[in-house]
Amino acid sequence: MKDLVNQTTIAQFILLGLTKDRSLQFLLFVLFLIIYACSFLSNLCLLALIIANHHLHTPMYFFLGHLSSVDLCYSSAITPRMLADFTSESKSISFLACATQMFSFALFATSESLLVSSMSYDRYVAICQPLVYHNIMNKSTCWGLVFGTYFSSFLASITHTFTVFKFPLCGSHEIDHFYCDIPPLLKLTCAHSYIRKLVVFSMAFVMGVVSFFGILMSYVLIIYNILRIHSADGRRKAFSTCTSHLTVVITFYCTVFGIYLQPSMGLNSDGMDKVFSIFYTVASPLLNPIIYSFKNAEVKRAIMHILGRRKILAHT
């Protein structure tokens, strides 16, 4: 009863951010503004390229277009607020704004994870069952996978948000992070703290395991089938069709695992979680379109086609 009396409902939070050094904050503001602008424009351009070029109207680029859309929203859910805090003396964020940011982040992060998993299934069908690829990966299948991704992500994010914010938070109103992430918010829980953490981490574990093992099984079968190809040139061509996706998978999951596995590895420093968070919230949405642009021959051909057509129009 005494603990319940001492509980105080928090109306707003203070985001402690990355650093209190004003000169360093200015440098970080310039750096992250450039990264965010490049990320936004590159994802927008890749999405426009996929829509405009009919050669890219295939299941692989259908998923890639949705990945670019998610990355646009993903980075926009975190970075603009972080940039505003760099230029502001007050780092306060209202209860509703914090809940909205956490919901948005969880929605788009989960969507990205499940989209990457759907793309791995597409690569599995393309390499392991090429003769029936178009029959399996038809419009109904593609839209079903995308709808399932967004629906599952919505359920997961609404569950996380409801679990964290439904009951009063108490204690300190300071969040030791640059955005409203789930782990630092759970540190402020008082009522039903154990149940909250169990629900949140169980949901995150289930979604993460489904996505990760879906990707893992797809690539086990892909590698097995590639090794069965007799010619070295055939193996190279088969593997080249999924190198871009594999690079994105490794980049995404290495940073996510880095955040959640560092305590068990004895690497849990005060700023390590923020470093990993910066990578997958700010840098990852920029790296994805760059990886697909430079490592994918079809995207490069589509870019060269558009540039060549503009040159012809400029000379006429």
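This is a predicted model: local features need pLDDT of at least 70, side-chain atom pairs count only at pLDDT 80 or more; totals for chains, interfaces and linings use all residues.
Two strands pair if DSSP finds at least two bridges between them. Strand β1 (residues 12-15) runs antiparallel to β2, and 3 bridges hold the pairing.

The average pLDDT of the chain is 80, and 84% of the residues score at least 70. Residues 1-8 have a pLDDT below 50, and this stretch makes 6 contacts in the model beyond near neighbours in sequence. Residues 263-267 also stay under 50, and here the model has 3 contacts beyond four places in sequence. Please read both stretches with care.

Now to the helices, with α2 as our guide. Helix α2 covers residues 22-52, which is 31 residues. From its first C-alpha to its last it reaches 44 Å, close to the 45 Å expected at 1.5 Å a residue. Buried residues of α2 include Gln25, Leu28, Phe32, Ile35, Tyr36, Asn43 and Ile50. Ser39 also lies in this helix. Is Ser39 buried or exposed? Its relative accessible area is 1%, so Ser39 counts as buried. Beyond its neighbours within four places in sequence, Ser39 is in contact with Ser75, Pro285 and Leu286.

Not counting residues up to four places away in sequence, Phe32 touches Leu18, Thr79, Met82, Leu83, Phe86, Ile278 and Val282. In soluble globular proteins, nonpolar side chains tend to be buried together. The largest nonpolar core here has 54 residues, and Phe32 is among those with the most contacts inside it, along with Tyr61, Phe63, Leu64, Phe105, Ile222 and Tyr292. Elements that give two or more residues to this core are α2, α3 (59-86), α4, α6 (139-165), α8 (193-227), α10 (243-261), α11 (272-295) and α12 (297-315).

Our last stop is the cysteines. How many disulfides does a search of the whole structure find? The search finds 1. The disulfide joins Cys98 to Cys180, with an S to S distance of 2.0 Å. This pair links distant parts of the chain, 82 residues apart: Cys98 sits in helix α4 (residues 95-128), while Cys180 is in the loop between β3 (174-175) and α7 (182-186). The link of Cys98 and Cys180 is left-handed, with -120° about the S-S bond.

Where do the cysteines stand in terms of burial? Cys98 counts as buried because its relative accessibility is 0%. Cys180 has a relative accessibility of 0%, so this residue counts as buried too. Cys142 is likewise buried, with a relative accessible area of 4%. Cys45, on the other hand, counts as exposed because its relative accessibility is 52%, and exposed means over 50%.

Notes:
Residues are numbered from 1 along each chain as its sequence is written. Side-chain values use heavy atoms; hydrogens and water are left out. A disulfide is a pair of cysteine sulfur atoms within 2.5 Å. Helices (H or I, at least four residues) and strands (E, at least two) are DSSP runs, numbered from the N terminus. Buried means under 20% relative accessible area, exposed over 50%, partly exposed in between (1.4 Å probe, protein chains only). The expected span of a helix is 1.5 Å times one less than its number of residues. Contact means heavy atoms within 4.5 Å. A nonpolar core is a set of buried Ala, Val, Leu, Ile, Met, Phe, Trp, Tyr and Cys residues joined through side-chain atoms within 4.5 Å. pLDDT is the predictor's confidence in each residue, from 0 to 100.
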